[in-house]
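Me: I have a structure on my screen and would like to learn how to read it. Could you go through it with me, one feature at a time?

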Amino acid sequence: LRPSDPKCQHVLTNRDGRIHFVLSAGTTSDPPIRILDGENVQEQLHDATVEFLSHAVKIETGSRTVTLPRIFMWYADDFPSPERRLLEWVGQYLLAESASALASILGRDDNLPTITYENFDWCASDARFNAAVVRRKRRRLEREFAAAQAGLPLNSSPNIVQGPFDAR
């Protein structure tokens, strides 16, 4: 957008990079598909980030190389910078062993490890993106919403599918 574009007033300036770990196009390199429920968004963003980065980030302490998902390169503006801050941010979402390995190569001296980006695999992955899973979760959320609106206990109205989502 050009600076004079009136849509600029709606552009988010405080971005949360964790959003990239709940979005999926269904490729092998994308995070698994998720549907956020709206009540526990912060926890869900945290869990999705830990899950994805724990599998996608590779740390080679001997060669002092950190391989990050290509998402970090494509959407660099959504993540902390410079590189040291980025690696520290990543480290807080890694499992203990990987976080420790990253901290050890970051803490050695002022020389940063080499950062590389994984190749992105655009192939579809049925295990990571399954439309049937999304439809089932959507129907469940619609039933829960309708039951809550009607003041009924959960699962008491399994045939209600109208709710805040378009029933298609």
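Me: Is Thr49 buried or exposed?

Reply: The words go by relative accessible area: buried is under 20%, exposed is over 50%, and partly exposed is in between (1.4 Å probe, protein chains only). Thr49 has 0% relative accessibility, so Thr49 counts as buried.

Me: What is Thr49 in contact with, leaving aside its neighbours within four places in sequence?

Reply: A contact means heavy atoms within 4.5 Å. With those neighbours left aside, Thr49 is in contact with Arg18, Phe21, Ser54, Trp89 and Tyr93.

Me: What does pLDDT say about the chain?

Reply: pLDDT is the predictor's confidence in each residue, from 0 to 100. Here the chain has a mean pLDDT of 82, and 82% of its residues reach 70 or more. Over residues 156-168, pLDDT stays under 50, and the model has 21 contacts beyond four places in sequence for them. Where pLDDT is low, the predicted coordinates should not be read in detail.

Me: Now the aromatic rings. How many aromatic pairs are there?

Reply: Rings of Phe, Tyr and Trp (its six-membered ring) pair if their centres lie within 6.5 Å; planes under 30 degrees apart count as stacked, over 60 as edge-to-face and the rest as tilted. By this rule there are 8 aromatic pairs. Take Phe72 and Trp89: their ring centres are 6.2 Å apart and their planes are at 70°, so this pair is edge-to-face. Phe72 lies in helix α2 and Trp89 in helix α3, so the pair ties together parts that are 17 residues apart in sequence. Phe72 and Trp89 are both buried.

Me: Which kind of pair do the rings of Phe79 and Trp89 make?

Reply: The centres of Phe79 and Trp89 are 5.4 Å apart with planes at 65°, so this pair is edge-to-face. Phe79 is in the loop between α2 and α3, while Trp89 is in helix α3, so the pair ties together parts that are 10 residues apart in sequence. Phe21, Phe52, Phe72, Phe79, Trp89 and Tyr93 form one aromatic cluster.

Me: Which residues of helix α3 are buried?

Reply: Helix α3 covers residues 83-91, and Leu86, Leu87, Trp89, Val90 and Gly91 are buried in it. These buried residues pack against α1 (41-56), β2 (65-68), α2 (71-74), α4 (96-107) and β3 (114-117).

Me: Which residues touch the most other members of the largest nonpolar core?

Reply: A nonpolar core is a set of buried Ala, Val, Leu, Ile, Met, Phe, Trp, Tyr and Cys residues joined through side-chain atoms within 4.5 Å. The largest one here has 26 residues, of which Leu53, Leu68, Phe72 and Val90 touch the most other members. At least two residues of this core come from each of α1, β2, α2, α3 and α4. The largest share, 6 residues, is from α1.

Me: How many salt bridges does the structure hold?

Reply: A salt bridge is a side-chain nitrogen of Lys or Arg within 4 Å of a carboxyl oxygen of Asp or Glu. The structure has 4 salt bridges. In one of them, Glu51 meets Arg34, with the closest N and O atoms 2.5 Å apart. This pair links distant parts of the chain, with Glu51 in helix α1 and Arg34 in the segment before α1, 17 residues apart.

Me: Last, the strands. How many bridges join strand β1 to β2?

Reply: Two strands pair if DSSP finds at least two bridges between them. Strand β1 (residues 58-60) is joined to β2 by 3 bridges, and the two run antiparallel. Ile59 has Val66 in β2 as its bridge partner. β2 and β3 pair over 4 bridges in the parallel sense, and the partner of Thr65 in β3 is Thr114.

Definitions and conventions
Residues numbered from 1 in each chain as written. Predicted model: local features only at pLDDT ≥ 70, side-chain atom pairs only at ≥ 80, totals over all residues. Heavy atoms only, no water.
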